[in-house]
Amino acid sequence: MIRDAEATKKRILEAALQEFATHGIAGARVDKIAEIARSNKAQIYYYFGNKEGLFDAVFNALCVEGLRATPIDITDLPGYAGHLFDNFEDHPEIARLTTWYRLERAGSAEPLTIVLESLQGKANTIAQAQQAGLLSSHYAPADLLGLILHLSMLWASATPEFEVLISGQSRSHRRKVVTDAVRGLLTQ
């Protein structure tokens, strides 16, 4: 029975990821999630409480997976940015869900502890590398981390009009722009 419950939760989270990434919280439909997950609305409410609880569970799982898949490499911050870029390219739902999170949950929910702890740990790692003389201190640790994160997401957050402008650029070119930009930040 436990195995069935876990399998059901997993199917619900996978279906909800796509529905929320496409429509956000307000536009997502629990009945559609239930249908795709081969579940029912009652199970969704039982496991996750409400639609916001389901969104938070999806976003938390996405964050956990992203943090696991792309740990910071202080010895190769351009490479770290490149890995983040790859993750955004391979999983466009990440940028969409993150945008919905900022639009619909910012200020209305407690910040996710796992994300706060991860960001603080990365900023601390950068600070230690700066103190050891391994990285330039031109940018404060949080500023440098923010620049790296946002540069990595540059293309994933582009408007449709900007996508037209860059439509002839290859993925490898866009990745190189990101890694070169981060490399440039480190030389200041």
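Select Cys63, Thr98, Val115, Leu119 and Leu149, which of the 28 residues lining the largest pocket lie nearest its centre; a pocket here is an open set of points on a 1 Å grid over the protein atoms alone, where a 1.4 Å probe fits, with protein on both sides within 12 Å along at least five of seven lines, and lining residues have an atom within 4 Å of a point. This is a predicted model, in which local features need pLDDT of at least 70 and side-chain atom pairs count only at pLDDT 80 or more, while totals for chains, interfaces and linings use all residues. Residues are numbered from 1 along each chain as its sequence is written, and side-chain values use heavy atoms, with hydrogens and water left out.

Colouring the lining by residue class shows 19 nonpolar, seven polar and two charged residues.

Next, select Glu65 and Arg68, which form a salt bridge with the closest N and O atoms 2.5 Å apart (a side-chain nitrogen of Lys or Arg within 4 Å of a carboxyl oxygen of Asp or Glu). Glu65 is partly exposed at 39% relative accessible area, whereas Arg68 is exposed at 57% (buried means under 20%, exposed over 50%, partly exposed in between, with a 1.4 Å probe and protein chains only).

Then move to Arg171, whose salt bridge with Asp86 has its closest N and O atoms 3.3 Å apart. Arg171 also forms a salt bridge with Asp90, where the corresponding distance is 2.8 Å. Of these residues, Asp86 is buried at 18%, while Asp90 is partly exposed at 47%.

Notes
Nonpolar A, V, L, I, M, F, W, Y, C, P; charged D, E, K, R; others polar.
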